[in-house]
Amino acid sequence: MAYPSWFSRRVILAAGASAMAIAAAPAFAQGEIKLGAVLSVTGPASFLGDPEKRTLEMVVDDVNAKGGILGRKVRLIVYDDAGDPNAARTFATRLLEEDKVTAMVGGSTTGTTMAMIPAFEDAQVPFISLAGAVQIIQPVKKWVFKTPHTDTMACEKIFEDMKKRNTTKIGMIAGTDGFGKSMRDECVKVAGKYGIEILHEESYGPRDTDMTPQLTNIKNKAGVQAVINPGFGQGPAIVTRNFKQLAINVPLYQSHGVASKQFIGLAGDAAEGVRLPAAALLVADKLPDSDPQKKVVVEYSKAYTTRTGQPVSTFGGHAYDGFMIWKEAVERAKTDNAAKVRDEIEKTKGYIGTGGIVNMSPTDHMGLDLSAFKMLEIRNGDWTIVQ
Amino acid sequence: MPELLQFAFSGLTVGAVYALVALGFTLIYNASDVVNFAQGEFVMLGGMVTVFLHLAGVPLPIAAALAIFATVLVGLALYAFAIDPARGSSAVTVIIITIGASIFLRGVAQVIFDKRFHALPHWFGSEPIRFGGAAILPQSLVVLAGAAIIVALIFVIIDRTILGRAILATAANRLAARLVGIPVRKIVALSFALSAAIGAVAGILVTPITLTSYDVGTLLALKGFAAAMLGGMGSAVGAVVGGILLGLAESFGAGLISSKYKDAIAFLIILATLFLRPQGLFGKKSVERV
């Protein structure tokens with residue numbers, strides 16, 4: 001037999017289901033709104049996908065408890081790609097062809113997102129990605145949007161802070177992992193725009209346990225006024241410790257990649273004085289009441305911690321923003337029709353989310369500016385917001 | 001000049017870590033001709049169990065002792081459930097089993113502990129000792145001292161006790177060893193227990209410097225293996241010298257040539273050793289036993 005036995009059974013089941021659907025058609029014509037989500041819930045990127053899934057489930061339950069969108073319940077269909085772009089592509093096709101979703105909020109990593117984009121462009125269904133890279137929205141793709149800030153913005157935020165302090169000559173030490181490499185390239189690209197000159201560059205492997213040789217070289221380079229470390233994981237913590245060990249007397253800038261309490265714990269005393277850009281969500285309780293984002297970040301982090309018992313992460317926040325942008329677009333469009341919702345997503349203006357204030361346009365499918373980042377400095381083992 | 005001294009300090013620190021891992025390889029190899037690729041996981045377990053017991057409120061010295069004990073149990077279990085049932089298979093088969101065991105241990109650690117990085121406090125504070133314009137952490141000296149003590153212990157055990165003779169005899173010829181009344185299986189089990197203990201001690205000593213997580217074992221095992229090859233498989237002194245040479249080569253390579261090729265250095269050294277001196281610096285020429 002050419003097909004395994006489950007195939008025929010599924011065909012029969014599907015036929016039966018559709019027969020029932022047809023029978024019940026009048027009642028369901030304005031039935032559920034189907035929202036798809038392909039996320040990396042397990043696997044190496046589970047630190048992204050897991051909070052994203054929990055967040056989406058939380059907000060969907062919440063919306064449904066309050067009567068849904070336009071009086072219709074939202075049905076969330078989640079698939080786990082385990083971080084594998086091939087699996088993501090397969091699930092994307094399934095969402096579009098079998099589940100017939102009218103929008104998607106998902107794509108935890110840049111790899112899975114890029115693999116899924118062609119499917120959504122072909123099917124003409126809006127896709128709000130939760131991944132970081134700037135390639136997702138540049139060049140602009142008609143049906144693709146994203147909520148997280150980009151590496152480029154992190155570099156720009158850091159350079160902006162340096163410029164304010166009259167720092168123009170810097171050293172850079174970057175991890176050779178995907179995150180470190182991509183951010184390093186973006187930083188090199190925009191450094192000129194801020195009049196920053198990178199005098200010396202070093203790198204380290206994602207698993208290295210000692211970076212003193214590289215930092216010694218940076219220390220010995222005359223004229224370095226600050227050091228920037230694009231990286232992720234334990235590398236930046238070791239760089240920070242080695243930085244103190246060598247008593248290098250210039251400011252150290254870390255990236256948003258280490259914006260978590262865990263970093264302070266790992267780097268210990270050495271983290272004192274380190275500066276980094278981070279989303280407002282991370283410092284929800286420290287934002288001044290006048291901050292427009294204060295309300296949303298405090299509410300989201302309270303709801304998330306209560307429901308899951310876990311500390312809030314910016315990644316869950318991206319999923320929250322993606323869902324809310326889609327929800328508001330559906331409400332404005334007064335339908336879940338894919339094309340109309342897409343147009344409304346593109347018209348999103350002044351949406352205040354956990355990641356910043358979103359103003360989309362036909363040429364900007366992310367809609368964030370540098371105010372999405374807060375510049376933080378670590379003092380007494382805690383974040384402080386640098387004005 | 002201070003930068004050269006700094007590179008040397010860095011190389012010594014990293015090298016001492018490699019040396020401790022290489023030492024763990026040595027014992028099991030001596031007793032059973034097997035390269036135990038789960039050695040890195042022993043290092044991971046030593047560090048992670050200590051971290052989690054310490055987080056649970058257990059005082060550090062007791063947490064460390066319990067971690068060594070737990071790792072020894074894992075080592076014995078590894079022998080009893082994976083290695084012993086395969087006795088009589090070729091060394092290559094058993095080596096492949098150890099690779100499987102290392103993947104298994106990593107998976108279990110990921111579930112039991114978590115996927116995050118953890119640190120332990122430095123024993124004598126994190127204030128570096130400054131010397132000639134360079135800085136070294138007191139903990140690096142602890143790691144070096146630990147390596148020295150373990151080498152001395154292994155030397156005494158192997159060369160000066162009946163037990164050590166029994167280990168050597170087992171390695172030389174299992175059948176003959178059994179015929180003269182050596183409990184061969186117990187001896188091999190013991191070598192796994194000892195290696196696990198050495199691995200756990202290494203993990204506890206280095207975690208304040210290198211941090212730890214469920215998957216630190218893989219790269220440590222590779223680097224430790226390179227160090228053991230360089231020094232000569234089966235030689236305790238060779239393991240330490242190989243580890244420190246490898247660490248120095250990496251740090252001088254990163255400092256003087258380019259940090260981009262740092263990880264390649266270990267593998268170049270393995271290749272060079274295999275081509276030029278397959279028995280390693282301190283190894284005896286391998287003789288095919290018939």
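M172(A) has E201(A) as its bridge partner in β7(A). Strands and helices here are DSSP runs numbered from the N terminus, with E of at least two residues for strands and H or I of at least four residues for helices. The model is predicted: local features need pLDDT of at least 70 and side-chain atom pairs count only at pLDDT 80 or more, while totals for chains, interfaces and linings use all residues. Residues are numbered from 1 along each chain as its sequence is written, and chains are lettered from A and ligands numbered from 1 in the order in which they are written.

The pairing of β6(A) with β7(A) is parallel and runs over 7 bridges; two strands count as paired if DSSP finds at least two bridges between them. A residue is buried if 20 or more other C-beta atoms lie within 10 Å of its own, exposed if 12 or fewer do, and partly exposed in between, with C-beta atoms placed from the backbone.

## The five-stranded sheet of chain A

Strands pair in a sheet through backbone hydrogen bonds, in either a parallel or an antiparallel sense. In chain A, 5 strands form an open sheet with parallel pairing, in the order β2-β1-β3-β4-β5. The edges are β2 (74-80) and β5 (144-146) of chain A; each has a single partner strand, so one side of each is left without a neighbour in the sheet. On average, neighbouring strands of this sheet are turned by 25° against each other, direction ignored.

Within chain A, β3 (residues 103-106) and β4 (residues 127-129) run parallel and are joined by 3 bridges. G106(A) is placed opposite S129(A) of β4(A).

Helix α4 of chain A (residues 85-97) lies across β1 (33-39), β2 and β3 of chain A, and runs at about 175° to β1(A). Angles run from 0 to 180 degrees between N-to-C directions, and axes are lines fitted to C-alpha atoms, for helices over the stretch in contact.

In helix α13 of chain A (residues 338-346), the buried residues are V341(A), R342(A), E344(A), I345(A) and E346(A). The buried residues of α13(A) pack against β3, β5 and α12 (314-333) of chain A.

## Domains of chain A

Chain A is assigned domain 1 (31-150 + 300-369) and domain 2 (151-284 + 372-385); the bounds come from an automatic or database domain assignment. The C-alpha centres of domain 1 and domain 2 of chain A are 30 Å apart.

Between these domains of chain A, 14 residues of domain 1 are in contact with 11 residues of domain 2, where contact means that the C-beta atoms, placed from the backbone, lie within 7 Å. The side of domain 1 of chain A that touches domain 2 of chain A has 4 nonpolar, 9 polar and 1 charged residues. In this classification Ala, Val, Leu, Ile, Met, Phe, Trp, Tyr, Cys and Pro are nonpolar, Asp, Glu, Lys and Arg are charged, and the others, Gly among them, are polar.

## The contact between chains A and B

Contacts between the chains involve 26 residues of chain A and 26 residues of chain B. On chain A, β7 (197-204), α8 (212-220), α9 (235-245) and α10 (261-267) each supply at least two residues of the side that touches chain B. The largest share of that side of chain A, 6 residues, comes from α8(A). By class, the side of chain A that touches chain B divides into 7 nonpolar, 14 polar and 5 charged residues.

## Domains of chain B

In chain B the assignment gives domain 1 (35-118 + 129-215) and domain 2 (216-282). Their C-alpha centres in chain B lie 19 Å apart.

In chain B, 16 residues of domain 1 are in contact with 10 residues of domain 2. Helices α2 (39-55), α4 (91-112) and α5 (138-160) of chain B each supply at least two residues of the domain 1 side that touches domain 2, and α2(B) gives the most, with 5 residues. This side of domain 1 of chain B divides into 8 nonpolar, 5 polar and 3 charged residues.

## Helix α1 of chain B

The axes of α1 (residues 2-32) and α9 (residues 217-231) of chain B come within 8 Å and cross at roughly 75°. That makes α1(B) roughly perpendicular to α9(B); angles of 65 to 115 degrees count as roughly perpendicular, under 35 as roughly parallel, over 145 as roughly antiparallel and the rest as oblique. By class, the contact of α1(B) with α9(B) has 10 nonpolar, 3 polar and 1 charged residues.

L12(B) is placed in helix α1 of chain B and counts as buried because it has 20 C-beta neighbours inside 10 Å. Not counting residues up to four places away in sequence, L12(B) touches S140(B), L144(B), I244(B) and G247(B). L12(B) and L144(B) are 132 residues apart in sequence and 7.8 Å apart in space, C-alpha to C-alpha.

Conventions
Two residues are in contact if their C-beta atoms, placed from the backbone, lie within 7 Å.
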